[in-house]
Amino acid sequence: MSVVAVETFYGILALVGMAAILAVAVLRLAASMSAGARDRWDGLVHALGPNAYALAWFVAFLATAGSLYFSEVAGFEPCTLCWYQRIAIYPLVILLAVAAARRERAGAFYAAAMAAIGAIVSAYHVVLEWFPSLDSGACSATTPCTLVWFRVFGFVSLPMLALTAFALVLMLMAI
């Protein structure tokens, strides 16, 4: 499978993830104003709730696999911010697997904390890619944090993929 095909695959996954986040956010907002939407929200929570850990684990697993593919197979050298994002996503694979296996509610708090930290770093990284002049020089000269390895569909880059994964994990932990 070519690097471009994997980039496109992950780009499509990111678009699906963004659409899911938007749909859930709109439904949650509507649920606060309408009884019918509240019923739909309750149905969604009832349907996704028991599988939220497993779904979040799958998101974290795909993000981990993608980051390893892009660095080890495609040869994209991670910058400093990429490493911080990896520090946040890699443990989620184990944390969510254990929480899913043990059905521990407390696991959601730990996973949400890791995902929130990763989302903040990812959001900052996305901003740096679009506005390189904001770079404070914290990254290395050989692999600057402003380097864009690819942009699928004109806006989905590696940090955007990470941000989407972290947001999906946060959404699922909230459910």
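I looked up Phe76 and found a relative accessibility of 11%, so Phe76 counts as buried (buried is under 20% relative accessible area, exposed is over 50%, and partly exposed lies in between, with a 1.4 Å probe and protein chains only). The model is predicted, so I note that local features need pLDDT of at least 70, that side-chain atom pairs count only at pLDDT 80 or more, and that totals for chains, interfaces and linings use all residues. Residues are numbered from 1 along each chain as its sequence is written, and side-chain values use heavy atoms, with hydrogens and water left out.

I next listed the aromatic pairs. Rings of Phe, Tyr and Trp (its six-membered ring) pair if their centres lie within 6.5 Å; planes under 30 degrees apart count as stacked, over 60 as edge-to-face and the rest as tilted. The count by this rule is 8 aromatic pairs. In one of them, the ring centres of Phe70 and Phe76 are 5.8 Å apart and the planes stand at 0 degrees, so I recorded the pair as stacked. Phe70 is buried, with a relative accessible area of 3%.

Which aromatic pair does Phe76 form with Trp149, stacked or edge-to-face? The pair is stacked, with 4.7 Å from centre to centre and 10 degrees between the planes. This pair links distant parts of the chain, 73 residues apart. Phe76 is in the loop between α3 (52–73) and α4 (80–102), and Trp149 is in the loop between α5 (107–130) and α6 (158–174). Trp149 is partly exposed, at a relative accessible area of 35%. I also noted that ring pairs link Phe9, Tyr10, Tyr69, Phe70, Phe76, Trp149 and Phe150 into a cluster.

**Charges over rings**

I then searched for charges over rings (NZ of Lys or CZ of Arg within 6 Å of the ring centre and within 35 degrees of the ring normal). The charged end of Arg151 sits over the ring of Trp130, 3.6 Å from its centre. Arg86 lies over the face of Trp83, at 4.9 Å from the ring centre.

**Cysteines**

How many disulfides does a search of the whole structure find? The search finds 0 disulfides (a disulfide is a pair of cysteine sulfur atoms within 2.5 Å). Cys79 is in no disulfide, and the nearest cysteine sulfur, that of Cys145, is 3.5 Å away. Cys79 is buried, with a relative accessible area of 5%. Cys82 is likewise in no disulfide; the nearest cysteine sulfur is that of Cys79, 3.5 Å away. At 17% relative accessibility, Cys82 also counts as buried.

**Ala100**

I found Ala100 in helix α4 (helices are DSSP runs of H or I with at least four residues, strands are runs of E with at least two, and both are numbered from the N terminus). Ala100 is partly exposed, with a relative accessible area of 24%. Leaving out residues up to four places away in sequence, Ala100 touches Tyr53 and Ala54 (contact means heavy atoms within 4.5 Å). The C-alpha atoms of Ala100 and Leu55 are separated by 9.5 Å, and these residues are 45 apart along the chain.

**The chain as a whole**

I counted 6 helices and 0 strands in the protein chain. Buried residues make up 39% of its 175 residues. Of the contacts between residues at least 6 apart in sequence, 74% join residues at least 24 apart. The C-alpha atoms fill a box of roughly 55 × 35 × 35 Å, taken along the principal axes.
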